[in-house]
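Let's take a friendly look at how two chains sit together in this model. Have the viewer ready as you read.

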Amino acid sequence: MSIDQSTAAKVAKLARIKVEDDALPALADEFNNILGFIEQLNEVDVEGVEPMTSVTPQRLKRRADEVTDGSQQDKVLANAPDAREGFFAVPKVVE
Amino acid sequence: MTELNKLTLAEARDALRKGDTTSVELTEACLKAIDAADALNAFVHKTPELAMERAKAADDRIKAGDAPSMCGLPIGIKDLFCTKGVPSQAASKILEGFKPEYESTVSQKLADAGSVMLGKLNMDEFAMGSSNETSVYGNAVSPWRRGNDDAQLTPGGSSGGSASAVAADLCLAATGTDTGGSIRQPAAFTGTVGIKPTYGRCSRWGIVAFASSLDQAGPMTKSVRDAAIMLETMCGHDPKDSTSAELAVPDFEAMLTGDIRGKKIGIPKEYRMDGMPGEIEKLWSDGAEMLKAAGAEIVDISLPHTKYALPAYYVIAPAEASSNLARYDGVRYGRRATLDAGDGITEMYEKTRAEGFGHEVQRRVMVGTYVLSAGFYDAYYNRARRVRTLIKKDFEDAFAAGVDAILTPATPSAAFGLGEMTEADPVQMYLNDVFTVTVNLAGLPGVAVPAGLDSQGLPLGLQLIGKPWEEGDLLNTAYALENAAGFVAKPQQWW
């Protein structure tokens with residue numbers, strides 16, 4: 001499978017990473033190189049093999065749905081690039 | 001006594017208990033060594049005040065008696081671990097200025113045991129790399145050199161700062177993390193010992209996530225005994241990590257008898273790669289001979305899906321990374337790009353991530369995005385997870401046939417020069433992990449032990465792979481190998 005520039009642009013958009021148009025051909029080449037390496041997996045017979053979900057045979061643990069922590073607004077916001085009046089601030093989302 | 005920063009954890013512990021030295025003295029010796037080693041660029045955030053505070057507290061505790069093994073021992077912490085109030089940025093620009101309000105479980109356990117954090121260690125950005133060349137802090141440099149050649153060499157990656165600091169005696173030991181070989185490859189490149197425990201042994205809570213189903217923390221040390229001591233402190237169940245195992249942690253050090261008589265050691269034929277340097281091949285067969293001489297039985301085994309481990313890894317790890325790294329959006333922590341008038345939230349995300357993530361991280365996030373995208377999920381991601389099941393089964397079959405541990409080279413070559421791989425395509429760099437990545441995919445414990453020098457005087461390591469949860473037995477085999485190999489070389493100080 002070969003990735004063209006428009007696919008590369010689409011992937012960059014999905015990943016929310018700005019890629020300038022003039023960088024797209026090189027990016028597409030890199031993807032193709034890596035995907036070419038990955039294509040080896042097609043040689044393996046995986047018929048009837050379950051995809052691994054957990055490397056150690058354990059059932060994901062459950063716990064009671066109750067509050068164990070909280071009331072730390074200051075700490076939560078301490079590292080925000082822009083926090084105002086107790087909230088994270090971002091550019092306008094809706095017009 | 002030798003210079004205090006050159007001691008092993010075990011030697012320093014014993015000296016502290018006998019009253020021959022103090023944690024303050026040990027810590028001062030390390031801080032001095034760190035300040036004289038800026039050329040290695042291993043420590044990227046130094047915490048001398050915090051270290052002295054902890055050292056004094058440790059000395060009080062030792063005087064009061066009954067202090068744990070790690071009490072008073074100065075160590076370095078990889079920048080991937082969140083440490084309260086101390087910069088923790090996973091060597092990424094996007095986490096510039098981030099000072100966590102909490103402490104990772106592993107570094108908390110080490111602190112609770114009284115160990116002294118000297119600072120944070122360099123690494124590849126988000127642990128994505130095999131040479132410590134993707135770091136926002138610049139390259140970490142190995143203390144080793146090829147004879148009299150002054151070309152700078154890589155300490156390996158991603159835990160390159162940890163490996164460099166331990167090899168150069170800037171600290172007695174360090175934490176590392178290993179997603180595809182990031183503890184074992186740098187350990188092998190620097191003549192140090194590094195163990196990645198069984199998946200689930202160490203809590204992942206508070207460690208910046210790369211690929212959650214593969215990431216494990218582990219110690220990087222000067223000896224196998226030290227690895228046993230430090231690993232024991234790092235392990236244990238943590239309710240904050242749902243994949244953390246509810247299993248008792250044995251006294252690993254007490255299991256180091258060096259007696260491996262009757263143990264069956266497997267030699268996997270698929271690890272004999274085309275073009276493998278003769279020196280690596282010889283190291284490997286010498287290692288097998290040493291274990292045989294110590295009373296182990298050497299058997300040939302087959303791990304038929306080995307060849308597919310790297311391609312499976314380069315689907316699964318980027319897929320998980322693309323999901324884990326979605327949180328770096330310029331809203332909650334770290335750095336936000338400067339925006340132009342009229343930019344909305346999408347531009348904020350895209351610009352922040354474009355300037356905050358380095359090239360390799362961007363590439364992996366995008367590859368991960370692609371393999372998870374509609375239409376390709378089955379062809380890439382699910383297929384890779386199926387192959388992963390087969391890779392794990394290869395190991396299960398070997399263990400079911402009676403093999404106790406598996407011996408392989410740790411890396412396909414000795415350390416290369418910084419910048420030497422710049423022109424190579426990314427896949428060439430990925431090949432560094434060819435012997436280690438299978439172990440992460442199968443969730444097994446693996447340890448790198450220094451076993452010899454190449455013709456240029458650079459360290460070479462062997463890897464031992466053990467059964468799940470059998471780190472104690474694995475470390476004992478590593479101990480026997482260490483004793484037989486008698487590796488004592490140290491880099492000559494040039495920095």
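The report below goes from one chain to the contact between chains.

## About the model

This is a predicted model, in which local features need pLDDT of at least 70, side-chain atom pairs count only at pLDDT 80 or more, and totals for chains, interfaces and linings use all residues. Residues are numbered from 1 along each chain as its sequence is written, while chains are lettered from A and ligands numbered from 1 in the order in which they are written.

## Chain B as a whole

Chain B has 15 helices and 11 strands (DSSP runs numbered from the N terminus: H or I of at least four residues for helices, E of at least two for strands). Its radius of gyration, 21 Å, is close to the 23 Å of the globule rule for 495 residues, so chain B is as compact as a globular protein of that length. That radius is taken over C-alpha atoms, and the rule is 2.2 Å times the number of residues to the power 0.38.

## Where the chains meet

The contact takes 36 residues from chain A and 57 from chain B, where two residues are in contact if their C-beta atoms, placed from the backbone, lie within 7 Å. On the chain B side, helix 12 gives the most, with 11 residues.

Helix 2 of chain A (residues 24-38) packs with helix 9 of chain B (residues 309-324), their axes 8 Å apart and at an angle of about 125 degrees. Axes are lines fitted to C-alpha atoms, for helices over the stretch in contact, with angles from 0 to 180 degrees between N-to-C directions. Ile34(A), Phe37(A) and Ile38(A) make this contact with Pro311(B), Tyr314(B) and Val315(B).
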